[in-house]
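Have the sequence and the 3D view open as you read.

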Amino acid sequence: MSDLPLSIANEVEAAVAAGSTQKCADMAGRVTALFLASAGRFNHEQTELFSDVFERLINTIELRAIADIGARIALAELSSQLAPVPQAPASVMRRLARNDEISVAGPVLTESARLSNDDLIEIAQTKSEKHLLAIAGRWWLQEVVTDALLARRFPSVSRRLVDNPGTRVSPAGFAMIVGQAVSDPELTIATGIRSDLPSDLRSRLLRHATEAVRSRLLSRAPPYLFEDIQAAIAAASAGADREMAEARDFAGARIAAARLKKEGRLNEASLFGLAKQKKYEATITVLAEMSRTSVELVRPLMQSLRSDGILVPCKVAEVGWETVSAILDCRFSTGVTAPDELARLKGQFIGLTTENAQRTLRLWMVRRSPSSSQH
């Protein structure tokens, strides 16, 4: 057995000297089979000999891989076979992991235990999104590696890391994920059910989530996290209420609305322009005028964590969906409405009749009147 690896090495030399991709690929298959058969019994010197043999074969095959699909396939097969082997030569694994072809690098990046944290960090900093996705799928990742992966800001990588129970994420890493989740409902849900998410970051995550996302998060919460997530939702809502209660000066907006009315420009075009510019006070004031109600009634609808209430004065004002969409995005509490939420609200708005909207608005006005509050 001791001289068999040496004979194989001689055959490798002949294949390399011939410069044939097919011969080198065939030799790679034979060497891999031999190594896998007895990997656990080889001593250090024999393992080093195999390492040298693999390096020579890979070097020759890589030179031809750019133009030869057969060479790329041979490297991918070698990578797939060696990746799960604990005794695979570390230098060979590092070389395969750095290959630009993800079919070659992927198996090693996902499975090989021979890659160190330093190896993974270096690859995370320099290689493609696909390479980072492969690393993010490893069964175990330490914080220093996940931080390096998250620093590249690929949403797909963040999702895979959050979905992987074997990843450890630092508070700084979670802060990056929470920032990305503002515009990604699926990432919000996957992050929210992580048991290692710091409580202050869970509250921040839920602060920007829609009611639909919060409900989905609760429905997917494991029993041991349900109460924590419920409390975080309550805290996030309380924070929103405090923010929305901040004093705003509507005096200037009322003067501007009166001027528009005097000039005959109190119309949908003006409302749309104000909403697109996110002029919050002016949008509320003009919408209140056009729907023949008060700022005191419209303002809470704009501030509500529910999105459907503001549809009522919009329907009474007889504005189109494009204007309604701009008003929804202008809301102080939400900023930007998620596409799926917009689609749902559009269906509600289309189904709401002007007569029902007028009736509802009148009822709300009566309930807010001083005489009603005294009963």
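Trp 321 and Phe 349 are both buried, where buried means under 20% relative accessible area, exposed over 50% and partly exposed in between, with a 1.4 Å probe and protein chains only. This is a predicted model, where local features need pLDDT of at least 70, side-chain atom pairs count only at pLDDT 80 or more, and totals for chains, interfaces and linings use all residues. Residues are numbered from 1 along each chain as its sequence is written, and side-chain values use heavy atoms, leaving out hydrogens and water.

Over the ring of Phe 349 sits the charged end of Lys 315, 4.2 Å from the ring centre (the cut-offs: NZ of Lys or CZ of Arg within 6 Å of the centre and within 35 degrees of the ring normal).

There are seven aromatic pairs in the structure. Rings of Phe, Tyr and Trp (its six-membered ring) pair if their centres lie within 6.5 Å; planes under 30 degrees apart are stacked, over 60 edge-to-face, the rest tilted. Here is a pair from the set, followed by another:

| Pair | Centre to centre | Between planes | Type |
|---|---|---|---|
| Phe 35 and Phe 54 | 5.9 Å | 85° | edge-to-face |
| Trp 321 and Phe 349 | 5.9 Å | 45° | tilted |

Phe 35 is buried, at 1% relative accessible area, and Phe 54 is too, at 0%. Ring pairs also tie Phe 35, Phe 42, Phe 50 and Phe 54 into a cluster.
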